Amino acid sequence: MKNNLSNSTKLILLHPYIQKQGGSNRLWLLALVSFLTLAFLLTLIYTRESITTTAVVGGVATATTTGAHNPPLSKAVVRALVHYASNSNNTEHMSYTDIKQISDVLRQCSHPCNFLVFGLTPETLLWKALNPNGRTVFIDENRYYAAYIEEKYPEIEAYDVQYSTKISEMKELISSVKEQVQNECKPVQNLLFSECKLGLNDLPNQLYEVDWNIILVDGPRGYWPEAPGRMAAIFTAGVLARSKKAGANPKTHIFVHDFNMKVDRVTSDEFLCKENLVKSKDMLGHFILERTDSSSTQFCRSHSSAQ
């Protein structure tokens with residue numbers, strides 16, 4: 001078909017009758033029309049072909065067909081699949097059960113979904129990919145690793161934070177919060193201006209203004225006595241959830257990974273509260289907190305009744 005079209009074009013351009021009647025301007029016009037016609041035909045033929053690309057990820061073949069009904073996977077999804085296929089033997093990754101609990105809530109989250117994650121982990125690319133129409137922000141204690149991840153994966157939004165806590169000081173830190181619960185350690189406040197020992201006040205200012213739908217505490221790393229622990233991350237998650245602005249979805253899902261560890265469970269009981277725990281399975285605790293009145297001076301109803 002291409003050859004027939006080309007021969008026809010040449011005959012039109014070289015026909016002596018056309019040269020006599022049309023002159024040079026008409027020749028250019030006919031050449032342009034012929035070119036556009038040929039381009040249209042080629043485009044029509046090309047778009048009618050079904051182009052199937054088969055990608056083999058981790059030994060599993062997945063086929064994607066380009067077209068209006070089958071849009072290609074986003075770069076984030078492709079990178080996540082490749083990442084997990086190549087790191088399937090990573091001993092630090094979450095279990096299937098834990099990942100599914102979080103992904104189920106993400107899937108039901110209203111758009112745009114705001115997802116805050118403490119810790120850059122083997123699941124980082126997955127969390128970003130599972131929230132394609134929302135905002136996913138990562139907080140990590142290692143500034144060099146955060147910079148490395150952002151450089152390698154530009155779509156990742158990550159910030160570093162400096163923790164001043166130690167696991168060995170957990171009891172003293174919890175006691176200090178209880179002593180300052182009506183001042184610096186209020187359950188409802190803007191932590192940017194707080195001096196509470198467990199409050200993270202050095203995050204980017206904009207993050208304190210976001211109404212987070214889901215918060216995952218999976219960092220900082222380490223459980224030795226001098227490690228920072230997750231007390232500050234859990235306390236901060238609780239305050240952010242209770243301090244949502246009026247008009248926003250009043251509920252916040254908070255997941256605490258490694259919930260089987262004593263320091264995470266004790267801190268969660270204190271600041272996320274047992275009455276807000278909706279599920280605890282494997283190594284994941286799932287809490288749902290609601291926006292709280294600014295006059296509140298108690299984290300948990302059970303603590304209030306005990307007093």
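Axes here are lines fitted to C-alpha atoms, for helices over the stretch in contact, and angles between them run from 0 to 180 degrees between N-to-C directions. The views below all come from a predicted model.

**View A. Packing of helices α8 and α9 in the predicted model.** Helix α8 packs against helix α9, which spans residues 262-271, at an angle of about 25 degrees, and their axes lie 9 Å apart. Because angles under 35 degrees count as roughly parallel, α8 and α9 are described as roughly parallel to each other. The crossing of α8 and α9 is right-handed.

**View B. Residues at the contact of α8 with α9.** From α8, the residues Met231, Ile234, Phe235, Gly238 and Arg242 take part, and they meet Val263, Asp264, Thr267, Ser268 and Phe271 in α9. Sorted by class, this contact of α8 with α9 is made up of 5 nonpolar, 3 polar and 2 charged residues.

**View C. A salt-bridge network that includes Asp264.** Salt bridges link Asp218, Arg230, Asp258 and Asp264 in a network. Asp264 is also one of the α9 residues listed in the contact with α8. Over the whole structure, the search finds 11 salt bridges, and the remaining views show individual pairs.

**View D. The salt bridge between Arg135 and Glu157.** The side chains of these two residues, Arg135 and Glu157, form a salt bridge with an N to O distance of 2.7 Å. Arg135 belongs to strand β4 (residues 135-140) and Glu157 to strand β5 (residues 157-160), so the pair ties together parts that are 22 residues apart in sequence. Arg135 is partly exposed, at a relative accessible area of 22%, whereas Glu157 is buried, at 19%.

**View E. The salt bridge between Glu141 and Arg221.** In this pair, the side chains of Glu141 and Arg221 come together in a salt bridge of 2.7 Å, N to O. The pair links distant parts of the chain, with Glu141 in the loop between β4 and α6 (143-152) and Arg221 in the loop between β6 (214-217) and α8 (231-242), 80 residues apart. Glu141 is partly exposed, with a relative accessible area of 22%, and Arg221 is likewise partly exposed, with a value of 34%.

**View F. The salt bridge between Glu226 and Lys166.** A salt bridge of 3.2 Å, N to O, joins the side chains of Glu226 and Lys166. This pair too links distant parts of the chain, since Glu226 sits in the loop between β6 and α8 and Lys166 in the loop between β5 and α7 (170-179), 60 residues apart. Glu226 counts as partly exposed at 47% relative accessibility, and Lys166 counts as partly exposed at 32%.

Terms used
Residues are numbered from 1 along each chain as its sequence is written. This is a predicted model: local features need pLDDT of at least 70, side-chain atom pairs count only at pLDDT 80 or more; totals for chains, interfaces and linings use all residues. Side-chain values use heavy atoms; hydrogens and water are left out. A salt bridge is a side-chain nitrogen of Lys or Arg within 4 Å of a carboxyl oxygen of Asp or Glu. Helices (H or I, at least four residues) and strands (E, at least two) are DSSP runs, numbered from the N terminus. Buried means under 20% relative accessible area, exposed over 50%, partly exposed in between (1.4 Å probe, protein chains only). Angles under 35 degrees count as roughly parallel, over 145 as roughly antiparallel, 65 to 115 as roughly perpendicular and the rest as oblique. A crossing is left-handed if the near helix is turned anticlockwise from the far one by less than a right angle, and right-handed if clockwise. Contact means heavy atoms within 4.5 Å. Ala, Val, Leu, Ile, Met, Phe, Trp, Tyr, Cys and Pro count as nonpolar, Asp, Glu, Lys and Arg as charged, and the others, Gly among them, as polar.
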